[in-house]
Amino acid sequence: MPTYNDCGIVLNSYDLGESDKILNIYTKENGLVRAVVKGVRKPLSKFSGKVDQLSCCYFHLANGKNLDTVCDCEQVNSFSLLRANLALLTSAVLFLEIVGNFAHEDETDSLHIYDLLYESLDRLQRSSNPDLDSISFISKFLSINGYKPQFETCVSCAVEVGLAPALLDNFPYSSILGGILCSNCSPLIDNKSIDLDVLKVLFEFESDDFPSRNIQEELKSKNIRSALELLREHLDIRAKKKIKSFDLVFSL
Ligand SMILES: [Zn+2]
């Protein structure tokens with residue numbers, strides 16, 4: 001049986017038979033990999049504690065017809081700080097669910113998505129505002145996947161809208177099309193009004209950098225939540241199925 005090595009993060013797992021588990025792993029080079037770990041639920045298994053959800057491991061895998069098999073693995077990062085804090089863990093599980101929801105095998109962009117997931121989880125460990133980390137992660141994830149919401153130009157006719165402050169304090173936004181609308185298109189397309197302060201939160205993540213601490217302090221938590229709700233709706237419309245972890249994030 002041919003074998004291969006790859007680094008991956010365990011998105012989730014479920015039990016198989018008496019002592020095995022099936023893992024959904026997001027890998028650096030092969031995208032989504034489904035693999036069985038034999039005997040992992042036996043007390044003295046060499047895999048015990050290494051392949052839980054969120055674990056990042058260097059895997060040695062054997063190709064199978066439907067499922068690959070984990071022959072061996074070495075844990076690279078357990079993200080222990082995330083496991084010790086409920087709010088951080090909840091956001092981390094959200095990241096995993098989003099990646100799993102959009103992932104497929106033999107993905108061409110798996111390296112970028114893997115790096116984004118790893119770096120976002122690592123930064124989340126030291127976060128004092130997990131909602132901002134979630135917005136950062138989701139914005140970048142949508143950019144890689146080509147599903148980024150459109151805020152600079154009208155999503156329907158592409159005319160420049162220009163969010164000049166003081167001119168308007170809210171903008172018509174189409175959830176289905178995923179962007180703001182100009183004044184000509186807004187009477188023709190179903191939309192809702194988005195506050196400029198909410199859009200400003202999302203703008204802060206347009207660049208590659210995380211907003212500076214000063215800007216983070218200026219952003220009001222009400223607007224941060226509304227921005228995250230907007231991204232939730234945007235993802236749910238485009239995902240294979242509804243992203244359930246948002247319920248827990250919003251309940252905290
Ligand atoms: Zn338009």
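This is a predicted model: local features need pLDDT of at least 70, side-chain atom pairs count only at pLDDT 80 or more; totals for chains, interfaces and linings use all residues.
**Entry 1**

On one side, 18 residues of domain 1 take part, and they meet 22 residues of domain 2. I then asked which residues of domain 1 lose the most area to domain 2. They are Tyr 26, Lys 28 and Leu 54. Together these three make up 40% of what the domain 1 side buries.

I noted the bounds next. Domain 1 runs over 3-77. Domain 2 comes in two pieces, 80-149 and 191-251. The C-alpha centres of the two domains are 26 Å apart.

**Entry 2: area and polar links**

How much area do domain 1 and domain 2 bury between them? I found about 1600 Å². Carbon and sulfur atoms carry 64% of that area.

I also looked for charged links across this interface. The count of salt bridges between domain 1 and domain 2 is 0. Polar contacts do occur there: I noted 4 residue pairs, with both residues at pLDDT 80 or more.

Which elements of domain 1 give two or more residues to the side that touches domain 2? I listed β1 (3-16), β2 (20-27) and β3 (31-37). Strand β1 gives the most, with 5 residues. By type, I sorted the residues on this side of domain 1 into 8 nonpolar, 7 polar and 3 charged.

**Entry 3: salt bridges**

I counted salt bridges over the whole structure and got 8. One of them that I looked at joins the side chains of Lys 46 and Asp 72, at 3.9 Å from N to O. This pair links distant parts of the chain, 26 residues apart. Lys 46 sits in the loop between β3 and β4, while Asp 72 belongs to strand β5 (residues 68-77).

**Entry 4: Ser 193**

I turned to Ser 193, which lies in strand β8 (residues 192-195). What does Ser 193 touch, apart from its neighbours within four places in sequence? I found Asn 170 and Phe 171. With Asn 170 there is also a polar contact between side chains, at 3.2 Å.

**Entry 5: confidence**

I ended with the pLDDT values. The chain has a mean of 91, and 96% of its residues reach 70 or more. Which element has the lowest mean pLDDT, and which the highest? Helix α6 (residues 213-218) is the lowest, at 76. Strand β4 (residues 56-62) is the highest, at 97.

Definitions and conventions. Residues are numbered from 1 along each chain as its sequence is written. Side-chain values use heavy atoms; hydrogens and water are left out. Domain bounds come from an automatic or database domain assignment. Contact means heavy atoms within 4.5 Å. Buried area is the accessible area (1.4 Å probe) that two parts lose on being put together, summed over both. A salt bridge is a side-chain nitrogen of Lys or Arg within 4 Å of a carboxyl oxygen of Asp or Glu. A polar contact is a pair of N or O atoms within 3.5 Å; within protein, one must be able to donate a hydrogen and the other to accept it, and residues adjacent in sequence count only if both atoms are side-chain atoms. Helices (H or I, at least four residues) and strands (E, at least two) are DSSP runs, numbered from the N terminus. Ala, Val, Leu, Ile, Met, Phe, Trp, Tyr, Cys and Pro count as nonpolar, Asp, Glu, Lys and Arg as charged, and the others, Gly among them, as polar. pLDDT is the predictor's confidence in each residue, from 0 to 100.
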